[in-house]
Amino acid sequence: MSGWDGMSCAANMMLMAVVLAISTTVVHKPALAQEASTGQKQVPAPTLLAQQAGPEPQTQGPSPTIQSSPGGISLEDLLLQKGTITKEEWLRIRAGEEYKVVEQSRRLDNLEDWKSKTEVLPILRDKVNFGLNALQFLYGHVNANVPEGKSQDSFSVRRAEMVFWGKLSDYLPRWHMLMEFQSTGLTSSTPTGNGSATVGSPSVATFFREAYIDVRPVQSWAPNLNFIRMGIFRMPFGIFTETSGGLRDIISSPYLNGVGSGKGNPTGSGGAIEFLQERDYFVDVRGKILNRLEYVVGIMNNNNFQANGIVSNTSGIGGANQPKAVYTRLRLFGDDVSFISFTMIQGTSNNAGTFINGRGKGHFDRYGVDFRFNPKFLPGFTMYGEYWQGHDGANATTVGTPANGACLDTAVCGGSGAPGMHRQTWYVLAKYLFTEGPLENFEPVYMYEEFDPNTRVSNDLYTRHIAGLTYYFENFPPKMQSKIQFNYEFRHHAGNGPGINYDSKTDPFANNAFFLQWQLRFM
């Protein structure tokens, strides 16, 4: 072999080696790329691993780079880079973290959905539903002097109410009955002084408190004319009167529902006065316009529904059904919970055979304005209040005694005669519910109110400050509520009018009191 031939052979061998190397590189490049995609030094781009059911997809294109969280690289990514854990272990860690996030989000969504459903009352999907409207155990102490044998302390079942309701059809969207199982006056009164005999006859009171039915005559008219309501129900007079006793923020009823005790006097400023009754026989029409203006227009018996509860064929004594009154309320909503409303009642009243004191015989009217304010910037805060004024007829102080016009002989007419009296009352209440922190579920409450039995005379004003604290064991109103309330009342009563003998030490409305009440409510 010549020298040239040797050199040519060497060149050919070198060329073949280069070609072989290039071929090997080309042939093994996909495999190397795949190996790099599954190696321990690379971190794939984040994927929804917890939601993948099939095999891991093949990576195409350039190898993904490591992505760090805003606060720096995660611990599992760092361990993967250093080769401390395998890719399979890294996948399990990431999948577990994503599952926790998804599960937490699902639980929050379910909780919000459940709360939104439980806060809707009534859930009218069944023909018959029942619930516990209020079961209340009350302890009270009033500082007023009491006769021998009586006590300043009291313990009672304040309310024991079962409620039944349902939906029969779209035309009969609701029927409703409320039964009160509390027994009042079960035993005779405790003897006082040196007496040994009890006073009065034992009696039991278990009765219907509410019973009504809604009728929707034309479906297409709703909600402009939403339904017609007939029966016995809490009257749409302001806020407190319409609010169920199981949902009220203070223990005592406000003075606009009832105030005073003992016998009346000629000025109309003494005795027990019921300014606004809570329930009555009635029929009304209710609706909402433009989702902002809510209206109620109706007619009521105006003797309270108990007026027809006692009828005696032998004595001829029964509830008078002649007087009637019309009422209307317009409520303008600023948002879903804040509103202002105006209420008017006009009619006549009598004082024959009824259980209502303080109405008199003749013209009867009430005018009221109420409001509720729930600011969105302070969700736990609520403020509301009412102002009422109205006129009662003559002889409003002695029920059952005829009024003889401008009568000055109180032994005959028992009152001041034709002029009657003008009354007014108002209150404002504020509360704040803590939803987090060490005071979670606590709700402090403050209320101030005044009641003037007769604006034409002096020395008869009732005033009261109420400082309260409520703790909610369960609070998904109005579906379920269990709470304990404590109220301390600073009471003051100026007297029963000028020139009238008045003993403030024995008047419960002139002495401070405190109450403790536990309640359970479930719908």
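A: A salt bridge is a side-chain nitrogen of Lys or Arg within 4 Å of a carboxyl oxygen of Asp or Glu. Here the side chains of Glu 443 and Lys 431 form such a pair, at 3.9 Å from N to O. The model is predicted: local features need pLDDT of at least 70 and side-chain atom pairs count only at pLDDT 80 or more, while totals for chains, interfaces and linings use all residues. Residues are numbered from 1 along each chain as its sequence is written, and side-chain values use heavy atoms, with hydrogens and water left out.

Q: How are the strands assigned?

A: Strands (E, at least two residues) and helices (H or I, at least four) are DSSP runs, numbered from the N terminus.

Q: Are Glu 443 and Lys 431 buried or exposed?

A: Buried means under 20% relative accessible area, exposed over 50%, and partly exposed in between (1.4 Å probe, protein chains only). Glu 443 counts as buried because its relative accessibility is 4%. Lys 431 is also buried, with a relative accessible area of 15%.

Q: How many salt bridges does the structure hold, and which residues are linked in a network?

A: The structure holds 19 salt bridges. One of them joins Arg 234 to Glu 278, with the closest N and O atoms 3.0 Å apart. This pair links distant parts of the chain, 44 residues apart: Arg 234 is in strand β5 (residues 227-234), and Glu 278 is in the loop between β5 and β6 (279-289). Arg 234 and Glu 278 are both buried. The network of salt bridges links Glu 210, Arg 234, Arg 248, Glu 278 and Arg 279.

Q: What does Thr 425 touch?

A: Contact means heavy atoms within 4.5 Å. Leaving aside residues up to four places away in sequence, Thr 425 touches Leu 256, Phe 275, Glu 386, Tyr 387, Trp 388, Glu 450 and Phe 451. Thr 425 is found in strand β12 (residues 421-432) and counts as buried because its relative accessibility is 2%. A polar atom of the Thr 425 side chain lies 2.6 Å from the backbone oxygen of Glu 450. From C-alpha to C-alpha, Thr 425 is 7.7 Å from Tyr 255 in space, although 170 residues separate them in sequence.

Terms used: Polar contact = N/O pair within 3.5 Å; in protein donor to acceptor, adjacent residues only side chain to side chain.
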